[in-house]
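Biologist: I would like to learn how to read side-chain features. Can we go through them one at a time?

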Amino acid sequence: MQRRIEKPYEEIRNCILENIPSGIGITRIEYEGPRIAIYTKKPEVLLGQSYVVADIAGMIKKRIVVRADPSVRLPEEEAERRIKEIIPKEAGISAIFFDPATGEVTIEAKKPSLALGKEGANVQEIIKATRWSPKIVKASPIPSKTITQIRHYMCSMSRERERIMREVGEAVFRTPVVETKNVRVTFLGGSMEVGRSAILVQTDESSVLLDCGVNPASTNPRDGFPRLNVPEFDLDRLDAVVITHAHLDHSGFLPFLYKYGYDGPVYCSMPTLSLMTLLQLDYLQVLESEGRVTPYSKADIRDAVLHAITLRFNEVTDIAPDIRLTLHNAGHILGSSIVHLHIGRGLHNIVYTGDFKFGYTRLLRPAASTFPRVETLIMESTYGAPEDVMPPRRSVEEEFARVVNQTLKDGGKVLIPVPAVGRAQEIMVVLDEYMRRGEIAEVPVYVEGMIEEANGIHMAYPTYLSQELKNKILYEDQNPFESEYFVFVKQPDQRFEIVEGGPCVILATSGMMVGGPVLDYFRQLAPDKRNTLLFVTYQVNGSLGRRIQSGLRQVSMVNSEGRVEVVDVNMRVETVEGFTGHSDRAQLINYVRKISPTPRRVVLCHGEPRKCLNMAMTISRMMKLTCRAPSNLESIRLV
Ligand code: ZN
């Protein structure tokens, strides 16, 4: 007999009660976001017999979490004392956080394997002794303020979070009005352009928004934000938002939805939640410092955090009665995800790449390309033009080393504008390795902007990094981010000494020179022809970075006294292509070839019009499948 996929709450509850061992004191069975939470007075029994839970999860086709009933949990102080007795001192516990909403306790340890004990013996022991479920994580050598703040905030708002999770569950598992037969996507932003990505997926039953970004280079709300004012977009009927990665052109407009009353979930990976919160807070601060209107406030960012449901890669999750979501590694920045949507009962499958790298980088593994099914592929095309073929990675690094060495030999300084998240870390790993091997002269590398905080977030999630980097951090204690070459600049008044000092490398934000400390360094370094401005990332149309890259040799800037001065650009301006976290043209084409199974339709977004159109033509011709590059506000019916 074929089992129905949607089961109402009563049926789920009965199925659980019939199949669970008796006498374990079940007190509640509740929705917890897209999962079912079973509250019991003896959680250790169920956790010791995980196959029972797995069997039931298979029967009801839902994910199950086992929670200790609050009445049997030890008070937090006492539980903390017991945990410290059970886990050996050598494990180096650095912090313990309790989350009363879920009954989970996060234990940060310098040596997680020692904290776990043999075959997780300590974990079992803690459950038995305290009835809290421990989650053991690696303590970052560079603690991240953002992660700590998010944890404290979630714990302090546990009641509200419980309400949200229950309501999300009720909505996800509601009985659909009609069977899903149609699917369409509407492009609200980020089509034929780079910036403000937002794609609305609608079925007969549900609607889901993929990404909700801003265009950081735009000062005009009309093309700075997604077009949410179209009749298709109804905030009250939105089931879920999925954020592929933290960059502001994908996540920067999310808090705006909460400002206008959205009360639903936002799904993303764990690193994405930390990184996007960091970037959104910074975005507000930059707008405020420039005296510009902010589209939302800090309270709205906190509201988004409260509604976040973090997912691991490859974890299948119901997000609407007829939509299942799975995140896969995208290889673009830490936590970046490719979105897979399974719609209806096998009706249609969408893969949305977000920004992705189908190739080798120092920081991350290449993007996933195998899915259970895919009919429609929505792919970015930032580097979709024929000239966008990057040299092999090895020669990219050698060219980078050559430019840096040449400048240092001439007695100059190398200024590299970098975004705080992604390329900053990639370049740091390269600099550390080349200096260690003696292939780049050993000079101080000054790092300024939010990079240090972003490094801390990278260290907190080592399992998301490339195998090599993960091993260096976890097992070899050779953390490149803690290398002695790096000097983190904490105060703007330190800049004077750096600028007056000897040859060095400076990494500073922002990556496209639209703000941040890089501007101050540039203003002071530009007139000296021994120095080099070295671009390693994509420069969006209209940004100062792009204009200098295209040959601008005089720039009007505000100096430290607040006066406008004209700066002559005598320094060398160089670009080393190939460090990008995006797939180049060859990798994009290769992805369409390699993705398994082969999609029936490819839709291109996230690229300048010329690049999207050229890429669409190439793919249609080569692969003999339908390939389109829609404009913003266009809808495509998929089924
Ligand atoms: Zn990105």
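Biologist: Are F253 and F256 buried or exposed?

Modeller: Both F253 and F256 are buried. Buried means under 20% relative accessible area, exposed means over 50%, and partly exposed is in between (1.4 Å probe, protein chains only). Keep in mind that this is a predicted model: local features need pLDDT of at least 70, side-chain atom pairs count only at pLDDT 80 or more, and totals for chains, interfaces and linings use all residues. Residues are numbered from 1 along each chain as its sequence is written, and side-chain values use heavy atoms, with hydrogens and water left out.

Biologist: How do I read a pair of rings?

Modeller: Two things describe an aromatic pair: the distance of the centres and the angle of the planes. Rings of Phe, Tyr and Trp (its six-membered ring) pair if their centres lie within 6.5 Å. Planes under 30 degrees apart count as stacked, over 60 as edge-to-face, and the rest as tilted. Searching the whole structure gives 14 aromatic pairs. Take F253 and F256: their ring centres are 4.2 Å apart and their planes are at 15°, so this pair is stacked.

Biologist: Which residues do ring pairs link into a cluster with F253 and F256?

Modeller: F225 and Y260. Ring pairs link F225, F253, F256 and Y260.

Biologist: Where does the charged end of R28 sit?

Modeller: Over the ring of Y39, 3.9 Å from its centre. The rule asks for NZ of Lys or CZ of Arg within 6 Å of the ring centre and within 35 degrees of the ring normal. R73 gives another case: it lies over the face of W132, at 5.1 Å from the ring centre.

Biologist: Now charges. How many salt bridges are there?

Modeller: Start with the idea. Side chains of opposite charge can pair when their charged atoms come close. A salt bridge here is a side-chain nitrogen of Lys or Arg within 4 Å of a carboxyl oxygen of Asp or Glu. The count comes to 42.

Biologist: Which parts does the pair of D239 and R174 tie together?

Modeller: Their side chains meet in a salt bridge, 2.9 Å from N to O. D239 lies in the loop between α9 (221-224) and β10 (240-242), and R174 in the loop between α8 (158-172) and β7 (183-189), so the pair ties together parts that are 65 residues apart in sequence. Helices (H or I, at least four residues) and strands (E, at least two) are DSSP runs, numbered from the N terminus. D239 is buried at 12% relative accessible area, while R174 is partly exposed at 24%.

Biologist: What about R373 and E375?

Modeller: They form a salt bridge too, with the closest N and O atoms 2.9 Å apart. R373 is partly exposed, at 32%. E375 is buried, at 6%.

Biologist: How do I read an interface between domains?

Modeller: Its size is often given as the accessible area lost when the parts come together. In domain 3, R362, L363 and E608 lose the most area to domain 4.

Biologist: How many salt bridges cross the interface of domain 3 and domain 4?

Modeller: The rule finds three.

Conventions. Buried area = accessible area lost by both parts, 1.4 Å probe.
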